[in-house]
Amino acid sequence: MSATKGGTGRRIVLWRHGQTSWNLERRFQGSTDIELTETGVGQARRAARLLAALKPDAIIASDLRRAAATAAELAAITGHQVTHDAALRETYAGVWQGLTHEEILARHGDEYRAWKRGEPVRRGGGELETEVADRAAPFVLQHVEKVPEDGTLVVVSHGGTIRTTIGRLLGLDPHSWESLGGLTNCCWSVLGEGARGWRLMEHNAGTLPEPVLGDDD
(Lines give C-alpha, C1' and ligand atoms only; values in the text may rest on other atoms or scores of the structure.)
Protein backbone atom coordinates (compact mmCIF):
# COMPACT_ATOMS: atom_id res chain seq x y z
CA MET A 1 0.00 0.00 0.00
CA SER A 2 1.24 3.48 -0.76
CA ALA A 3 2.08 5.89 2.04
CA THR A 4 1.18 9.09 0.22
CA LYS A 5 -0.77 11.97 1.69
CA GLY A 6 -4.35 12.57 0.73
CA GLY A 7 -5.94 9.57 2.42
CA THR A 8 -7.71 9.50 5.74
CA GLY A 9 -5.96 9.29 9.05
CA ARG A 10 -2.51 10.21 10.24
CA ARG A 11 0.68 8.36 9.32
CA ILE A 12 3.78 7.62 11.36
CA VAL A 13 7.00 6.99 9.45
CA LEU A 14 9.54 5.23 11.69
CA TRP A 15 12.96 5.74 10.09
CA ARG A 16 16.10 3.94 11.20
CA HIS A 17 19.38 5.88 11.25
CA GLY A 18 22.16 5.42 8.70
CA GLN A 19 25.14 3.12 8.91
CA THR A 20 27.77 3.38 11.65
CA SER A 21 31.14 1.69 12.05
CA TRP A 22 29.71 -0.45 14.84
CA ASN A 23 26.97 -1.67 12.51
CA LEU A 24 29.66 -2.89 10.13
CA GLU A 25 31.53 -4.57 12.98
CA ARG A 26 28.27 -6.07 14.29
CA ARG A 27 28.83 -4.41 17.65
CA PHE A 28 25.82 -3.87 19.87
CA GLN A 29 25.47 -0.10 20.12
CA GLY A 30 22.49 0.27 22.40
CA SER A 31 22.61 3.74 23.93
CA THR A 32 26.30 4.24 23.05
CA ASP A 33 26.59 7.45 21.03
CA ILE A 34 28.21 6.41 17.73
CA GLU A 35 28.43 8.66 14.67
CA LEU A 36 27.41 7.86 11.11
CA THR A 37 30.00 6.69 8.61
CA GLU A 38 30.36 8.55 5.32
CA THR A 39 28.21 5.81 3.81
CA GLY A 40 25.64 6.41 6.53
CA VAL A 41 25.47 10.10 5.72
CA GLY A 42 24.96 9.23 2.06
CA GLN A 43 22.19 6.80 2.98
CA ALA A 44 20.47 9.50 5.03
CA ARG A 45 20.64 12.00 2.18
CA ARG A 46 19.20 9.52 -0.32
CA ALA A 47 16.40 8.45 2.02
CA ALA A 48 15.63 12.05 2.98
CA ARG A 49 14.91 12.89 -0.66
CA LEU A 50 12.41 10.03 -0.81
CA LEU A 51 10.77 10.84 2.53
CA ALA A 52 10.48 14.51 1.68
CA ALA A 53 8.05 13.48 -1.06
CA LEU A 54 5.66 12.35 1.70
CA LYS A 55 5.49 16.00 2.80
CA PRO A 56 5.95 15.31 6.51
CA ASP A 57 4.38 17.72 8.96
CA ALA A 58 6.84 17.15 11.81
CA ILE A 59 10.08 15.32 12.64
CA ILE A 60 11.09 13.89 15.99
CA ALA A 61 14.33 12.02 16.67
CA SER A 62 16.50 10.29 19.20
CA ASP A 63 19.14 12.61 20.60
CA LEU A 64 21.95 10.14 19.84
CA ARG A 65 24.21 11.47 17.10
CA ARG A 66 23.52 8.77 14.53
CA ALA A 67 19.79 9.47 14.64
CA ALA A 68 20.15 13.24 14.97
CA ALA A 69 22.43 13.42 11.93
CA THR A 70 20.00 11.28 9.93
CA ALA A 71 17.07 13.51 10.89
CA ALA A 72 19.07 16.61 9.97
CA GLU A 73 19.17 15.53 6.32
CA LEU A 74 15.37 15.51 6.12
CA ALA A 75 15.11 18.74 8.07
CA ALA A 76 17.44 20.43 5.56
CA ILE A 77 15.04 19.59 2.74
CA THR A 78 11.71 20.20 4.49
CA GLY A 79 12.67 23.17 6.64
CA HIS A 80 11.16 21.55 9.73
CA GLN A 81 12.81 21.83 13.12
CA VAL A 82 13.65 18.47 14.66
CA THR A 83 12.50 17.68 18.20
CA HIS A 84 15.16 15.51 19.85
CA ASP A 85 14.45 13.41 22.92
CA ALA A 86 16.07 10.59 24.89
CA ALA A 87 12.72 8.77 24.86
CA LEU A 88 13.59 7.61 21.34
CA ARG A 89 17.06 6.26 22.20
CA GLU A 90 17.98 2.67 21.54
CA THR A 91 17.62 0.06 24.28
CA TYR A 92 20.20 0.41 27.04
CA ALA A 93 21.90 -2.99 27.11
CA GLY A 94 24.49 -2.66 29.87
CA VAL A 95 27.52 -4.91 29.44
CA TRP A 96 26.36 -6.03 25.98
CA GLN A 97 27.12 -2.60 24.57
CA GLY A 98 30.31 -2.55 22.53
CA LEU A 99 30.42 -6.34 22.18
CA THR A 100 30.24 -8.04 18.81
CA HIS A 101 27.51 -10.55 18.04
CA GLU A 102 30.03 -13.38 18.49
CA GLU A 103 31.21 -12.01 21.85
CA ILE A 104 27.63 -11.76 23.12
CA LEU A 105 26.98 -15.38 22.14
CA ALA A 106 30.20 -16.51 23.80
CA ARG A 107 29.76 -14.58 27.05
CA HIS A 108 26.00 -14.30 27.42
CA GLY A 109 24.66 -17.11 25.26
CA ASP A 110 21.92 -18.25 27.62
CA GLU A 111 20.66 -14.71 28.03
CA TYR A 112 20.74 -14.14 24.26
CA ARG A 113 18.83 -17.34 23.53
CA ALA A 114 16.21 -16.53 26.17
CA TRP A 115 15.68 -13.13 24.57
CA LYS A 116 15.31 -14.71 21.13
CA ARG A 117 12.67 -17.06 22.56
CA GLY A 118 10.67 -14.00 23.54
CA GLU A 119 11.33 -14.10 27.26
CA PRO A 120 11.54 -10.78 29.14
CA VAL A 121 15.31 -10.36 29.41
CA ARG A 122 17.35 -7.42 30.66
CA ARG A 123 20.07 -7.82 28.08
CA GLY A 124 23.38 -6.99 29.70
CA GLY A 125 21.50 -5.85 32.79
CA GLY A 126 19.77 -3.09 30.83
CA GLU A 127 16.21 -2.29 29.81
CA LEU A 128 13.42 -4.69 29.03
CA GLU A 129 11.90 -4.30 25.57
CA THR A 130 8.59 -3.41 27.23
CA GLU A 131 10.33 -0.60 29.12
CA VAL A 132 11.66 0.77 25.85
CA ALA A 133 8.11 0.73 24.46
CA ASP A 134 6.88 2.39 27.66
CA ARG A 135 9.05 5.44 26.99
CA ALA A 136 9.05 5.57 23.19
CA ALA A 137 5.47 4.76 22.16
CA PRO A 138 3.76 7.44 24.33
CA PHE A 139 6.24 10.05 23.07
CA VAL A 140 5.41 9.15 19.47
CA LEU A 141 1.67 9.29 20.17
CA GLN A 142 2.04 12.63 21.91
CA HIS A 143 3.60 14.12 18.79
CA VAL A 144 1.44 12.44 16.15
CA GLU A 145 -1.61 13.96 17.83
CA LYS A 146 -0.17 17.40 16.98
CA VAL A 147 -0.11 16.86 13.21
CA PRO A 148 -3.20 17.40 11.01
CA GLU A 149 -5.81 14.65 10.72
CA ASP A 150 -4.25 13.45 7.46
CA GLY A 151 -0.73 14.47 8.46
CA THR A 152 2.56 12.61 8.62
CA LEU A 153 5.01 12.38 11.52
CA VAL A 154 8.55 11.15 10.86
CA VAL A 155 10.23 9.42 13.80
CA VAL A 156 14.01 8.95 13.47
CA SER A 157 15.19 6.28 15.86
CA HIS A 158 16.88 2.89 16.15
CA GLY A 159 16.09 -0.65 15.07
CA GLY A 160 15.15 -2.09 18.44
CA THR A 161 13.22 0.96 19.58
CA ILE A 162 11.30 1.10 16.32
CA ARG A 163 10.37 -2.58 16.57
CA THR A 164 9.11 -2.26 20.14
CA THR A 165 7.21 0.91 19.30
CA ILE A 166 5.51 -0.72 16.32
CA GLY A 167 4.65 -3.75 18.44
CA ARG A 168 3.13 -1.59 21.16
CA LEU A 169 1.15 0.63 18.76
CA LEU A 170 -0.21 -2.39 16.91
CA GLY A 171 -1.25 -3.99 20.20
CA LEU A 172 0.90 -7.08 19.64
CA ASP A 173 1.93 -9.29 22.54
CA PRO A 174 5.57 -8.53 23.46
CA HIS A 175 6.44 -12.19 22.91
CA SER A 176 5.72 -11.71 19.20
CA TRP A 177 7.58 -8.43 18.64
CA GLU A 178 10.57 -10.34 17.29
CA SER A 179 8.34 -11.43 14.37
CA LEU A 180 8.76 -7.91 12.99
CA GLY A 181 11.87 -8.22 10.84
CA GLY A 182 14.77 -5.86 11.33
CA LEU A 183 15.17 -2.59 9.46
CA THR A 184 18.08 -2.02 7.10
CA ASN A 185 20.06 1.16 7.81
CA CYS A 186 18.06 4.22 6.71
CA CYS A 187 14.95 2.26 5.82
CA TRP A 188 11.59 2.87 7.39
CA SER A 189 8.19 1.49 8.33
CA VAL A 190 4.84 3.24 8.01
CA LEU A 191 1.90 3.00 10.39
CA GLY A 192 -1.49 4.28 9.27
CA GLU A 193 -4.33 5.38 11.49
CA GLY A 194 -7.38 3.21 10.92
CA ALA A 195 -10.85 2.82 12.39
CA ARG A 196 -9.59 0.15 14.80
CA GLY A 197 -6.25 1.71 15.64
CA TRP A 198 -2.85 1.71 14.03
CA ARG A 199 -1.97 -0.72 11.25
CA LEU A 200 1.31 -1.57 9.53
CA MET A 201 1.21 -0.24 5.97
CA GLU A 202 4.87 -0.63 4.97
CA HIS A 203 7.84 -2.34 6.60
CA ASN A 204 11.55 -1.95 5.76
CA ALA A 205 10.59 0.36 2.89
CA GLY A 206 13.29 1.98 0.81
CA THR A 207 15.49 -1.05 1.20
CA LEU A 208 18.22 -1.91 -1.25
CA PRO A 209 19.51 -5.50 -1.62
CA GLU A 210 21.69 -5.18 1.47
CA PRO A 211 21.77 -7.19 4.70
CA VAL A 212 20.27 -5.89 7.92
CA LEU A 213 23.22 -4.92 10.11
CA GLY A 214 22.75 -4.71 13.86
CA ASP A 215 19.01 -4.12 13.85
CA ASP A 216 18.92 -3.54 17.62
CA ASP A 217 20.97 -0.38 17.62
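A residue is called buried when its relative accessible area is under 20%, exposed when it is over 50%, and partly exposed in between, using a 1.4 Å probe and protein chains only. At 25% relative accessibility, Arg 27 counts as partly exposed.

Before I go on, what you see is a predicted model, in which local features need pLDDT of at least 70 and side-chain atom pairs count only at pLDDT 80 or more, while totals for chains, interfaces and linings use all residues. Residues are numbered from 1 along each chain as its sequence is written, and side-chain values use heavy atoms, with hydrogens and water left out.

First, the overall layout. The protein contains six helices and six strands. These are DSSP runs, numbered from the N terminus: helices are H or I with at least four residues, strands are E with at least two. Starting at the N terminus, the order is β-α-α-β-α-β-α-α-β-α-β-β.

Now the overall dimensions. The radius of gyration, taken over C-alpha atoms, is compared with a globule rule of 2.2 Å times the number of residues to the power 0.38. For 217 residues a compact globule would come out near 17 Å, and the protein has 16 Å, which agrees. Along the principal axes, the C-alpha atoms fill a box of roughly 50 × 40 × 30 Å. Of the 217 residues, 52% are buried. A contact means heavy atoms within 4.5 Å. Taking contacts between residues at least 6 apart in sequence, 71% join residues at least 24 apart.

Next, salt bridges. The term stands for a side-chain nitrogen of Lys or Arg within 4 Å of a carboxyl oxygen of Asp or Glu. How many salt bridges does a search of the whole structure find? The search gives 18.

One of them joins Glu 25 to Arg 27, with the closest N and O atoms 2.8 Å apart. Glu 25 is partly exposed, at a relative accessible area of 41%, and Arg 27, as I said, is partly exposed at 25%.

Another salt bridge pairs Arg 45 with Glu 73, at 3.3 Å from N to O. This pair links distant parts of the chain, with Arg 45 in helix H2 (residues 38-52) and Glu 73 in helix H3 (residues 65-78), 28 residues apart. Arg 45 is partly exposed, at 46%.

Then there is Glu 178 with Lys 116, whose closest N and O atoms are 2.7 Å apart. Why does this pair tie together parts that are 62 residues apart in sequence? Because Glu 178 lies in the loop between helix H6 (159-170) and strand E5 (188-194), while Lys 116 is in helix H4 (residues 101-116). Both are partly exposed: Glu 178 at 32%, Lys 116 at 36%. The two also belong to a network of salt bridges that links Lys 116, Arg 123, Glu 129, Arg 163 and Glu 178.

Thr 37 sits between helix H1 (21-24) and H2, and at 16% relative accessibility it counts as buried. Leaving out residues up to four places away in sequence, Thr 37 touches Gln 19, Thr 20 and Ser 21.

Lys 55 is not a glycine, yet its phi is positive, about 50°. Lys 55 is in the loop between H2 and strand E2 (58-62). Is Lys 55 buried or exposed? Lys 55 is exposed, at 58%.

Cys 186 also has a positive phi, near 65°. Cys 186 lies in the loop between H6 and E5 and counts as buried, with 3% relative accessibility.
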